[in-house]
Amino acid sequence: TPRSSAWLALAREREGRVPVFFSAGCNRRCAFCVEAGFLGGRVVPRPVEDTLDEIEGLHRAAGVRRFFLAGSELNVPDARALTRLMLGLADRRLDVDVRGFLQPAPVDDALLDAMEAAGHDPSDFSFEFGHFDDRMLRRGAGPASRRQLQRLVELWVRRGYRTLGGSALLGGHPEETWGSIERALLTIREFDDALPDGLGLAWSPGARVYPASPLGRWGRDHPG
């Protein structure tokens, strides 16, 4: 986390978010990503009390209120660390605004209850969807299955949240076809219709190819 008082002052002035380290590593196997290779498929969360102490210290000493949980995947391999963090924010009665990126699974009522207890709207968090076609998801085009995406939408609807946001990547896998894109768009429309204010997506056609990723290795094995 940056320690420069000038940097923190600039972040406050521009209403930016100050990153706070939360975890490292990933246990997913997305074809377009290299994160899982950093720690051999393991996730190593930072001790929750250390993260809470840093947030509280920056808030009380430097007036920082807006934070971004930096690192890899906040709710994998399970959601316990993030749940404890949110409950800790509630216990310390910190008036802060914390955001971050989540995986579509695991997400459960305990995590969402903890977010609400901390004064946070779960709809303000963004999700890494990857793709929406089950065939492509099984081939590493995203971190979850279509069924897990469906369960997330059902959970959102049951709890009365109005919108669900995140990022999607279509056309970035070598096995992508017009059929898989069409199936993904049909699923997106289905989920969009289920939510009162729809599904909010930032999406990209195509992908960067990291040489060390599974997608990069596939490219080397299939030149041209």
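## Helices over an open sheet

Helix H3 (residues 80-91) lies across E1, E2, E3 and E4, running at about 150° to E1. Contact here means heavy atoms within 4.5 Å. Axes are lines fitted to C-alpha atoms, for helices over the stretch in contact, and angles run from 0 to 180 degrees between N-to-C directions. Helices (H or I, at least four residues) and strands (E, at least two) are DSSP runs, numbered from the N terminus.

A word on the model before going further. This is a predicted model, in which local features need pLDDT of at least 70 and side-chain atom pairs count only at pLDDT 80 or more, while totals for chains, interfaces and linings use all residues. Residues are numbered from 1 along each chain as its sequence is written, and side-chain values use heavy atoms, with hydrogens and water left out.

Now to the sheet itself. Its four strands are open and follow the order E2-E1-E3-E4, with mixed pairing. Strand E2 (43-45) and strand E4 (97-99) stand at the edges with a single partner strand each, so one side of each has no neighbour in the sheet. On average, neighbouring strands of this sheet are turned by 30° against each other, direction ignored. Two strands pair if DSSP finds at least two bridges between them.

Strand E1 (residues 18-25) and strand E3 (residues 66-71) run parallel and are joined by five bridges. Val 18 has Phe 67 in E3 as its bridge partner, and Ser 23 stands opposite Gly 71 in E3. E3 also runs parallel to E4, with three bridges joining them; here Phe 68 has Arg 99 in E4 as its bridge partner.

| Helix pair | Axis angle | Axis distance |
|---|---|---|
| H3 and H4 (residues 109-117) | about 25° | 8 Å |
| H2 and H3 | about 40° | 10 Å |

Take H2 and H3, whose axes make an angle of about 40°. That makes H2 oblique to H3. Angles under 35 degrees count as roughly parallel, over 145 as roughly antiparallel, 65 to 115 as roughly perpendicular and the rest as oblique. H2 passes H3 in a right-handed crossing; a crossing is right-handed if the near helix is turned clockwise from the far one by less than a right angle, and left-handed if anticlockwise. Val 48, Thr 51, Leu 52 and Ile 55 of H2 meet Ala 81, Arg 84, Leu 85, Gly 88 and Leu 89 of H3. By class, this contact of H2 with H3 has six nonpolar, two polar and one charged residues. Ala, Val, Leu, Ile, Met, Phe, Trp, Tyr, Cys and Pro count as nonpolar, Asp, Glu, Lys and Arg as charged, and the others, Gly among them, as polar.

H3 and H4 pack at about 25°. That makes H3 roughly parallel to H4, and their crossing is left-handed. Leu 82, Thr 83, Met 86, Leu 87 and Ala 90 of H3 make the contact with Ala 110, Leu 111, Ala 114, Met 115 and Ala 117 of H4. The residues of this contact of H3 with H4 divide into nine nonpolar, one polar and no charged.
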